[in-house]
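Reader: I have a model open on my screen. Can you show me how to read its features, one at a time?

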2 protein chains.
Amino acid sequence: MSDLLSDRTRLDRYPARGKHDFETIAAILDEGFFCHVGFVQNGQPYVIPTGYGRDGQSLYIHGSASSRMLNRAGQEIPICVTVTLVDGLVLARSAFHSSVNYRSVVILGNAEKVEGPAKLQALKVIVDQIVPGRWDSLRPVTQREVDETTVLKLDIVEASAKIRSGPPVDDEEDYALPIWAGTLDFAPLSAAPKADARLRAGLPVPDHVRQYRRVRK
Amino acid sequence: MSDLLSDRTRLDRYPARGKHDFETIAAILDEGFFCHVGFVQNGQPYVIPTGYGRDGQSLYIHGSASSRMLNRAGQEIPICVTVTLVDGLVLARSAFHSSVNYRSVVILGNAEKVEGPAKLQALKVIVDQIVPGRWDSLRPVTQREVDETTVLKLDIVEASAKIRSGPPVDDEEDYALPIWAGTLDFAPLSAAPKADARLRAGLPVPDHVRQYRRVRK
């Protein structure tokens, strides 16, 4: 089991919630589809949401996020990619022990631009991460479209996962208080298809849309 | 209408999707409850998820996020706070025009630690942002708990919102293709209460839990 721990990804706070094995990290990444990318410009951090896809130890990031980031991506730049799945709210009997149940992954590293034949495959990985099976149903991409899209690749080698689950953990003397406590568990993300007004007549909703579920594995 | 535009928050890409008025930004912030905070250490950006609450032009950020960040927060440090609401997936007829419907806010500025009497109020703002009405039902916080919690304050003065909504916008000649297109609209986040196993007998589920809805306004 590979270990992606480094001094920079070690958790200072609640280290028991930290995981550094690849399998845990990959499972969280596979359940999500959008990330927050952090980068630095003139000493100022920026955090931009964008789509991603995982293929093995590579995380491909859709470069639409920011031309600010892209302008610097010719050279390799240090970035941080964070993916967070929020599972529920933890309603303790005190504010201090109130919390959120979540699973997050933080990946550090230098992003590099994907070029050449690998870029087409990377775009497929991103599209199919967001809607599995979608890529093969689409009008093929043109070379111009590939050229106009930027894809960054980040190796998943320095990373940590953080997981908080389960009921509140209150101070012992607080359990007797007449305060409702427990969790508010979010239902899995569900989505309803809405056909485009200009859809060609007679087209059925394809399986990859009709059966869309956010949990992939 | 105040304008939070700066050279640093101007959108380089799809500027038509950008908004800089306070009302739009505040509405997005009020609908969310967790953010991604970006900060820099030794040239490396970090992006950490945590809870927040808005009160007027102040964004209060729960400092559990990272002791790394907190260790530097005595001095004012440049941070970026990003809040993203994902509304749905945009299934175009080509990969190039496939997209995500979302609303995001990016706030830049220097975070300062909240101290003194303002800190208690800031904690209430954060707790009630996550579960409106929760604070008043809780066992009062102790001074020790206040001391052990860090809260950062970021003024909402340099910020941008970005909004993508509606159906796919395909190339004109692609509309005739036999490819299903439209949106997959995510249902609003719903949550089911699960009482703590050690709940005091006979406690009903309070209104602020039973009526929990993520959309606040």
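This is a predicted model: local features need pLDDT of at least 70, side-chain atom pairs count only at pLDDT 80 or more; totals for chains, interfaces and linings use all residues.

Reader: Let me try another helix. Which residues of helix H3 (residues 117-130) of chain B are buried?

Author: The buried ones are B:Ala122, B:Leu123, B:Ile126, B:Val127, B:Gln129 and B:Ile130. Down the axis of H3(B), these residues fall within an arc of 160°, so they too line one face of the helix.

Reader: What covers the buried residues of H3(B)?

Author: The cover includes elements from both chains. E5 of chain A takes part, together with E3, E4 and strand E7 (151-155) of chain B.

Reader: Now strands. Which strands pair with E5(B), and in what sense?

Author: Take the partners in turn. Strand E2 (residues 34-41) of chain B runs antiparallel to E5(B), joined by three bridges. There, B:His36 has B:Thr82 as its bridge partner. E6(B) is also antiparallel to E5(B), over 13 bridges. In that pair, B:Val81 stands opposite B:Ile107. Strand E9 (residues 182-186) of chain B pairs with E5(B) in the antiparallel sense too, over four bridges. The bridge partner of B:Val90 in E9(B) is B:Thr183.

Reader: What is B:Val81 in contact with, leaving aside its neighbours within four places in sequence?

Author: With B:Cys35, B:Val37, B:Leu59, B:Ile61, B:Ile107 and B:Leu154. B:Val81 also belongs to the largest nonpolar core, which has 104 residues. The residues with the most contacts inside that core are A:Ile61, A:Val81, B:Ile61 and B:Val81.

Reader: A:Val81 is on that list. Which residue stands opposite A:Val81?

Author: A:Val37 stands opposite A:Val81 in E5(A). The strands here are E2(A) and E5(A), an antiparallel pair with three bridges.

Reader: How many residues of E2(A) are buried?

Author: Six of its eight, so to read E2(A), think of a strand that is mostly covered. E2(A) has another antiparallel partner, E3(A), joined by eight bridges. A:His36 stands opposite A:Pro49 in E3(A). These two strands form a hairpin with two residues between them. In the turn, A:Asn42 has a positive phi of about 55°.

Reader: Next, the two chains together. How many residues are in contact between chain A and chain B?

Author: 84 residues of chain A are in contact with 83 residues of chain B. E5(A) gives the most to the side of chain A that touches chain B, with nine residues. That side divides into 51 nonpolar, 19 polar and 14 charged residues.

Reader: Where does a strand of chain A pair with a strand of chain B?

Author: Look at E9(A) and strand E10 (residues 191-195) of chain B. They pair in the antiparallel sense over five bridges. A:Thr183 has B:Lys194 as its bridge partner in E10(B).

Reader: How do I read the relation between two copies?

Author: Two copies of a chain are related by a rotation about an axis and a shift along it. In this model, a rotation of 180° with 0.0 Å of shift along its axis superposes chain A on chain B, with an RMSD of 0.0 Å. The two copies are thus related as by a two-fold rotation axis. The same surface serves both: 99% of the contact residues of chain A recur in chain B.

Reader: What is A:Trp135 in contact with, leaving aside its neighbours within four places in sequence?

Author: With A:Lys124, A:Val127, A:Asp128 and B:Ala95. A:Trp135 and A:Val125 are 10 residues apart in sequence, and 8.6 Å apart in space, C-alpha to C-alpha.

Conventions. Residues are numbered from 1 along each chain as its sequence is written. Chains are lettered from A and ligands numbered from 1 in the order in which they are written. Two residues are in contact if their C-beta atoms, placed from the backbone, lie within 7 Å. Ala, Val, Leu, Ile, Met, Phe, Trp, Tyr, Cys and Pro count as nonpolar, Asp, Glu, Lys and Arg as charged, and the others, Gly among them, as polar. Two strands pair if DSSP finds at least two bridges between them. Copies are superposed by least squares on the C-alpha atoms of residues with pLDDT of at least 70 in both. A residue is buried if 20 or more other C-beta atoms lie within 10 Å of its own, exposed if 12 or fewer, and partly exposed in between; C-beta atoms are placed from the backbone. The arc is that of the directions from the helix axis to the C-beta atoms. A nonpolar core is a set of buried Ala, Val, Leu, Ile, Met, Phe, Trp, Tyr and Cys residues joined through C-beta atoms within 7 Å.
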